[in-house]
Amino acid sequence: MSEERLWKFKKPEWMNSIMARSAGVYAAGALFSLAFFVMVDAAVFSHSPLNGSDPPIHITFIDWLPLIFSSLGMLIINSIEKTRLSADSFSYSGSGVAWKARVVLFLGFASLAGGMAGGVTVLVLKYVVPGTVWPTLYMGVANVASNGLVMLSSVVLWVSQNMEDEYAYNLAL
Amino acid sequence: MTAGLKTIISLSFVLAIGFLLVILSCALFKQYLPLLVVATYVLAPLPNWICGRCANPDDFGDSGGANAIVDFGRFCTGFLVIMGIALPAVLAHSEIIRIPAMIMSIIGGVLIYGTVISFGLFFQEEQEF
């Protein structure tokens with residue numbers, strides 16, 4: 001196992017513990033919840049009396065679309081069985097499962113990145129170009145922040161699921 | 001046995017304080033939306049529990065299906081726990097509830113959830129053996 005290692009730095013010991021793994025999954029859920037509620041906060045704020053934009057700007061379905069795409073991408077990425085990705089083993093590469101997994105994974109990452117790009121697009125086109133000021137601009141910033149949080153959440157979930165594989169491997173020996 | 005009794009009494013005391021804070025945060029300002037925090041925190045351990053039942057601990061061989069279900073339950077629990085804090089913050093940011101009501105309902109929710117979790121921790125060990 002140690003000779004297959006690619007990087008110079010070792011993975012720290014605590015990362016292989018089962019506690020760190022479940023804490024990572026909880027943290028991923030927490031980050032996703034934070035992302036969702038940042039967006040909900042922007043939507044509630046836009047329909048409250050505090051929203052004093054003069055030509056009234058509200059959160060519509062367009063603002064939710066990037067978050068939907070990000071969440072879809074996160075769902076795809078983390079539904080894939082990670083062990084199918086390595087085509088080194090003949091049993092999986094024979095039927096083309098690794099290839100399929102890579103295509104689906106690519107779609108997931110594209111959806112995630114597309115969500116992030118869509119968030120920035122909404123921020124620029126809907127809020128920065130018309131020259132809105134802070135309390136209204138917050139709705140666009142919240143969009144980008146929530147997409148970034150979804151990305152962070154899926155990274156945390158991915159890392160902790162890989163931890164789990166390592167743990168199972170150690171247990172199997 | 002007495003330790004168990006003390007635990008039960010103190011936990012129920014903390015639970016009552018939590019409910020008091022949440023209900024006070026609603027009734028003082030005549031705005032009953034923070035009660036949703038209680039529902040959130042009661043629901044929070046449920047996904048973990050259900051998915052723990054669904055997963056079969058025996059088949060360790062393929063780490064695919066069973067662990068994925070457990071992980072999904074953990075993910076949902078993490079989602080609901082942060083939801084209990086985020087909900088009063090969202091309400092307070094739009095001035096639907098006031099800041100003191102937000103603080104009271106967050107503290108009350110954390111106390112309720114802490115009670116539920118520590119109740120599970122204290123009495124799960126006796127079940128297993």
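Helices are DSSP runs of H or I with at least four residues, and strands are DSSP runs of E with at least two, both numbered from the N terminus. The structure is a predicted model, in which local features need pLDDT of at least 70 and side-chain atom pairs count only at pLDDT 80 or more, while totals for chains, interfaces and linings use all residues. Residues are numbered from 1 along each chain as its sequence is written, chains are lettered from A and ligands numbered from 1 in the order in which they are written, and side-chain values use heavy atoms, with hydrogens and water left out.

**Exercise 1.** Place Ser33(A) in its chain and describe its surroundings.

Solution. Begin with the secondary structure: Ser33(A) belongs to helix H1 of chain A, which spans residues 18-46. Next consider accessibility, where buried means under 20% relative accessible area, exposed over 50% and partly exposed in between, with a 1.4 Å probe and protein chains only; Ser33(A) has a relative accessible area of 0% and is therefore buried. Contact means heavy atoms within 4.5 Å, and, once residues up to four places away in sequence are set aside, Ser33(A) touches Phe79(B), Ile82(B) and Met83(B). Finally, the side chain of Ser33(A) reaches the backbone nitrogen of Met83(B) at 3.5 Å.

**Exercise 2.** Determine how H1(A) and H2(A) are oriented to each other, and which residues join them.

Solution. Two packed helices are described by the angle between their axes and the distance between the axes. Here axes are lines fitted to C-alpha atoms, for helices over the stretch in contact, and angles run from 0 to 180 degrees between N-to-C directions. The axes of H1(A) and H2(A), the latter covering residues 61-79, come within 11 Å and cross at roughly 170°. Angles under 35 degrees count as roughly parallel, over 145 as roughly antiparallel, 65 to 115 as roughly perpendicular and the rest as oblique, so H1(A) and H2(A) are roughly antiparallel. On the H1(A) side the meeting residues are Phe32(A), Phe36(A), Met39(A), Val40(A) and Ala43(A), and on the H2(A) side they are Asp63(A), Trp64(A), Leu67(A), Ser71(A) and Met74(A).

**Exercise 3.** Decide whether Thr40(B) is buried or exposed, and identify its contacts.

Solution. Thr40(B) sits in helix H2 of chain B, residues 36-43. Its relative accessible area is 5%, so Thr40(B) is buried. With neighbours within four places in sequence left aside, Thr40(B) is in contact with Leu80(B), Met83(B), Gly84(B) and Leu87(B).

**Exercise 4.** Describe the helix content of the UniProt "transmembrane region" span at residues 103-123 of chain B.

Solution. The unreviewed UniProt entry lists residues 12-33, 72-91 and 103-123 of chain B under this name; UniProt positions are given in the numbering used here, feature names are shortened, and annotations may be inferred rather than shown by experiment. In the model, residues 103-123 of chain B are 100% helix and 0% strand, with end C-alpha atoms 30 Å apart.

Notes: Polar contact = N/O pair within 3.5 Å; in protein donor to acceptor, adjacent residues only side chain to side chain.
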